[in-house]
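Take a walk through this model, from the overall fold down to single residues.

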Amino acid sequence: MATATGDEALKAQAFSALDGLLDRVAAGDAPRSPTVCHGLAGLVALAQEFAAHGSPGAARAVPRLVEDLLDTADPDRPLVYRDHETTGQLVDNPGLLTGAAGVALTLRAVATGERPSWWEVLFLQ
């Protein structure tokens, strides 16, 4: 919304709010799941998007978040990444939001530096 309206004060508030979240994650309050919906891949996508809009805190956080996301990979699992549902159940899911496809596509976006069109659904742009 801040970008759409050109409201710099709102943009600064958004950057500050994300910085607070990223500080909590850096202190160990990280999502358990690697997925887009409620996990690290979603946080990576969010930080990447904020970094593209000029957030220095997000830009600094992206490499560490990606490293954390890569560390959740389990090559012995059929899909490498498992959803850690809020109930605590681990699920091999091939899907976009709560599955391995979303994790892989998010990692591809960061590796290539290209903003994927499917992020428009997440960020409503």
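Contact here means heavy atoms within 4.5 Å. Helices (H or I, at least four residues) and strands (E, at least two) are DSSP runs, numbered from the N terminus. Buried means under 20% relative accessible area, exposed means over 50%, and partly exposed lies in between (1.4 Å probe, protein chains only).

This is a predicted model, in which local features need pLDDT of at least 70 and side-chain atom pairs count only at pLDDT 80 or more, while totals for chains, interfaces and linings use all residues. Residues are numbered from 1 along each chain as its sequence is written, and side-chain values use heavy atoms, with hydrogens and water left out.

Start with the whole chain. The protein chain holds 6 helices and 2 strands. Along the sequence their order is α-α-α-α-β-β-α-α. The radius of gyration is 15 Å, close to the 14 Å that the globule rule gives for 125 residues, so the protein chain is as compact as a globular protein of that length. That radius is taken over C-alpha atoms, and the globule rule is 2.2 Å times the number of residues to the power 0.38. Along its principal axes, the C-alpha trace spans about 45 × 30 × 25 Å.

Next, the surface and the contacts. Of the 125 residues in the protein chain, 35% are buried. The chain exposes about 7100 Å², and carbon and sulfur atoms supply 57% of that area. Accessible areas come from the Shrake-Rupley method with a 1.4 Å probe; for residues, only the protein chains shown count as cover. Among contacts with a separation of 6 or more, 53% join residues 24 or more positions apart.

Now the core. A nonpolar core is a set of buried Ala, Val, Leu, Ile, Met, Phe, Trp, Tyr and Cys residues joined through side-chain atoms within 4.5 Å. The largest one has 26 residues, and Leu22, Leu65 and Leu69 touch the most other members. H2, H3, H4, H5 and helix H6 (119-123) each supply at least two residues of this core. H3 gives the largest share, 7 residues. Leucine 69 touches Pro34, Leu40, Ala41, Val44, Tyr81, Val103 and Leu107, leaving aside residues up to four places away in sequence.

Which elements cover the buried residues of H3? The cover includes H2, H4, H5 and H6. In H3, 10 of the 13 residues are buried, so this helix is largely enclosed by the rest of the structure. Among them are Leu40, Leu43, Gln48, Glu49 and Phe50. The expected span is 1.5 Å times one less than the number of residues. Glycine 54 follows H3 with a positive phi near 100°. Histidine 53 sits in the loop between H3 and H4. It counts as partly exposed, at 27% relative accessibility.

H4 (residues 56-71) comes next. Its 16 residues reach 24 Å from first C-alpha to last, close to the expected 22 Å. The helix bends by about 35° at valine 62, and proline 63 follows within four residues. That bend is the angle between axes fitted to the seven residues ending there and the seven starting there. Buried residues of H4 include Gly57, Val62, Leu65, Asp68 and Leu69. Their cover includes helix H2 (8-26), helix H3 (40-52) and helix H5 (100-112).

Most residues other than glycine have a negative phi. Valine 80 has a positive one, near 75°. Valine 80 lies in the loop between H4 and strand E1 (83-84). With a relative accessible area of 31%, valine 80 is partly exposed.

H5 closes the tour. Its 13 residues reach 18 Å between the first and last C-alpha, close to the 18 Å expected. Ala100, Gly102, Val103, Thr106, Leu107 and Ala109 are its buried residues. Just after H5, glycine 113 takes a positive phi of about 75°.
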